[in-house]
Amino acid sequence: MSDCIFCRIAKGEIPCAKVYEDDEILAFKDIHPQAPVHFLIIPKKHIATLAEATPEDAPVLGRMLELAPRLAADQGAAEGFRSIINTGRHGGQEVYHLHLHVLGGQPMPAMLKY
Ligand code: AMP
Ligand code: ZN
């Protein structure tokens with residue numbers, strides 16, 4: 001996906017404030033942080049949305065979840081964090097490359113405001 005911004009970040013074509021990287025996962029700070037700690041964990045493989053993930057993607061999704069608390073603690077959110085995956089139009093997804101938001105560093109507000 002040459003026109004996908006997160007694929008381009010994963011390939012190093014666009015800079016990011018890297019938090020973690022391995023063969024299949026990258027984590028980087030959100031460019032518009034909504035909490036003192038706010039970073040994104042992405043699979044390097046292009047998966048557009050959680051709704052398009054397949055059973056073969058389960059291991060990388062599991063690894064993303066397992067990494068979240070460790071990276072959150074590293075980043076200064078040792079007392080807890082919120083993790084969010086926005087999916088599709090009603091989910092408020094803006095970037096169509098699956099990403100896990102990790103937010104913390106202070107108590108989070110009420111989960112949903114309608
Ligand atoms: P979502 O609404 O879940 O798709 O969230 C997309 C997130 O990506 C937003 O919080 C943006 O601030 C963030 N974002 C967009 N472009 C970049 C970028 N180049 N580097 C870091 N974060 C980005
Ligand atoms: Zn992509």
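How do the residues of the lining of the largest pocket divide into nonpolar, polar and charged? They divide into 19 nonpolar, nine polar and five charged, where Ala, Val, Leu, Ile, Met, Phe, Trp, Tyr, Cys and Pro count as nonpolar, Asp, Glu, Lys and Arg as charged, and the others, Gly among them, as polar.

Please keep in mind that this is a predicted model, in which local features need pLDDT of at least 70 and side-chain atom pairs count only at pLDDT 80 or more, while totals for chains, interfaces and linings use all residues. Residues are numbered from 1 along each chain as its sequence is written, chains are lettered from A and ligands numbered from 1 in the order in which they are written, and side-chain values use heavy atoms, with hydrogens and water left out.

Of the 33 residues that line this pocket, D30, Q34, H38, N86 and H101 lie nearest its centre; a pocket here is an open set of points on a 1 Å grid over the protein atoms alone, where a 1.4 Å probe fits, with protein on both sides within 12 Å along at least five of seven lines, and lining residues have an atom within 4 Å of a point.

Turning to the zinc ion (ligand 2), its protein donors, meaning N, O and S atoms within 2.8 Å of the metal (3.2 Å for Na, K and Ca), are C4 (SG), C7 (SG), H46 (ND1) and H97 (ND1), at 2.0 to 2.3 Å. Along the chain, these donors follow the spacing C-x2-C-x38-H-x50-H. C7 is buried, with a relative accessible area of 6%, whereas H46 is partly exposed at 24% (buried is under 20%, exposed over 50%, partly exposed in between, with a 1.4 Å probe and protein chains only).
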